[in-house]
Amino acid sequence: MTASVRLDSVNKIYAAKAKNPIYAVRDFTIHIEPGEIVALLGSSGCGKTSTLRMIAGFEEVSKGAISIGGREIHKLPPAKRGVAMAFEGYSLYPPLTLRQNIAFALKSEKLGSAETNRRVEEIAGLLELTRHLDRYPSTVSAGQQQRASLGRALVRKADIYLLDEPMGQLEPQLRAVLRGRLKRYLREHGLTAILVTHDQTEANALADRIAVMEGGVLQQFASPADLKEKPANLFVGTFIGEPPMNVYRVEPQIFNGRISLRARGEELFGYEPGTIDDAVVSLLERRNALVVGVRPADVAVSPLNGARGATAKVVSNQWIGDQTHLESAFGDGVIVATLDNRFAARAGEALAVDVPADKLHLFAEDGTALAHGRSLASGGAH
Amino acid sequence: MQHMSTGERVLRGILIALALIFFLFPIFWIVLMSFQTNAQILRIPPSLFFSPTLENYTSLITGQLKTASGVLTLNFMQNLFNSFILSTASVALSLVLAVPAAYAFARYKFRFSEDIAFTLLSFKFAPPLLVLLPLTIYFQKIGLANTYFGLIWVYQLITLPLILWIVRGYFEDISPDIEHAYRIAGHSWAKTFFKISIPLARPGIAAAALLSFIFAWNNFVFALVLASADKQPVTVGALAFVTASGIQYGQIAAAAVISITPTLALALFAQRYLVEGLSLGAVKG
């Protein structure tokens, strides 16, 4: 029942004949393996929901092709595509109870009532809905409606499962529990699923690979770890990760093998000879300016007395329960550091900040990634 | 409910009673009149006390109207039947045409969709008499004058825009994703329309059908011009009570009572139905 999915140069163009056609999705290509869970991640309006709806058949594909299990489906009606979908707005049938709503999705499979009931109960158990099954959508909470909507999608046997913000309305504790259960359920049954979300945690937790979208364009399609460690461009670098990556436009200077990354004449980061790989050094030699990105977790902070690193002045120091967020004035901007323990520093205090050479992300001025730590970014070595 | 003092409660009761008397008294008076002879109705001062007679009703039902100047034949039962045929058929035809159209206007943005919808609505703005003169000439030329078919066609001017606009609003209130959820579960567009969209819009369709039935039933001017005696509805037929020997108030009252009964019954029935509201009986598994 599980299938691969291919989207090849898929475009969604509104007002195609107008002077300025609007590209909701532009040349979107991803190939999804059978049994893989993929998240489409991006801020609102990035084209992720349009993409999902094109796969489901509720939006026409303006250009390009979509196939499921090797079968081209983008011209078929939704009923013939073999997809199940959970909608962001739940879209339960108001006059039916949650049980009837979930069972209703099985109607076209023509199962016996015993089998229907068994499947509904199984899904309801998975989603913690058993107690609410005989209530009507208007009498249960948004979270319960959302779970019923998710249940209505999962209960069906389909080639792929499309989940549009499947957990947006759930309270945080339940969300964490259900994420785990949903992932286990999809895995156990080997189901292919595409999920749309703007929540990085959800994407990271559920997906094997994440497609980051912005402005209708696929920015990067990679595993959660690769997105974090090897962002393909500055957008992905700053979009993925919380708090976001610190970004500085710098001019590299190399003097006697020592590398200095400077902004407005002031050194932000300095590296002794041998600490940066030769390939990266030769890349720096060829550039007058570039953008350096530093994850807050990679920033080393220490008291000023004699420690290596540039000086930064603390702006705010927050303990958020399991981490310290330390924001300091740095160069002509700020640097944010996250630390795993409490850190005694008052606003106004001067500190030494340093970033190990293998934690630097280097981007060209147009945003293309050049190098991540010790390795050159693929395609960034030009 | 917020707390009310005794004074407020009494005042409220009085105001409601006054409103009820104001609105219901004419109907009450007509019902009384329908059981009186012309002489009893016209006496001065009027009185609530009289010996009731069924004469008005019998003359309506038998079609024999006794006046001072002799017996006149009446078409009242035929008129009632005509009203029933014209209103029912007009509403039925409008439902068949307007419900799918309303769905299309609600769901799809196509070229000129707003203009077409507005044009249909604008039929309701035009003064009927403006339309009637040319229409009469055309209908006489093509043989549609004084036919049920022709009248039902003209009645579409009353019923179709009303149903279209009310039902369109109901369709717009239904999330398209509810339909999508059904379609993606393996059902065709048409099946979704009949099994999901129409049942969910049913309260709206019922309200629109009821309203347009009442409007069609009460129509006077189209039928007055386009229909002769054997196709006239009650509204036009009532003119027959204005006779050479005076106005037959008793029969008019009886005719009014009989002719409001169907719409009243329909309204009461539909009210219950509308309150029941969202029952998606047709799709229960």
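This is a predicted model: local features need pLDDT of at least 70, side-chain atom pairs count only at pLDDT 80 or more; totals for chains, interfaces and linings use all residues.
Residues are numbered from 1 along each chain as its sequence is written, and chains are lettered from A in the order in which they are written. Local features need pLDDT of at least 70 and side-chain atom pairs count only at pLDDT 80 or more, whereas totals for chains, interfaces and linings use all residues; side-chain values use heavy atoms, with hydrogens and water left out.

Contact (heavy atoms within 4.5 Å) joins 15 residues of domain 1 to 15 residues of domain 2.

About 1200 Å² is buried between the domains, 76% of it from carbon and sulfur atoms; buried area is the accessible area (1.4 Å probe) that two parts lose on being put together, summed over both. In domain 1, Asn38(B), Leu60(B) and Leu65(B) lose the most area to domain 2, together 43% of what that side buries.

Zero salt bridges are counted between the domains, a salt bridge being a side-chain nitrogen of Lys or Arg within 4 Å of a carboxyl oxygen of Asp or Glu.

On the side of domain 1 that touches domain 2, the elements giving two or more residues are α1 (6–33), α2 (38–42), α3 (55–62) and β1 (64–67) of chain B. These are DSSP runs numbered from the N terminus (helices: H or I, at least four residues; strands: E, at least two). The largest share, five residues, comes from α3(B).
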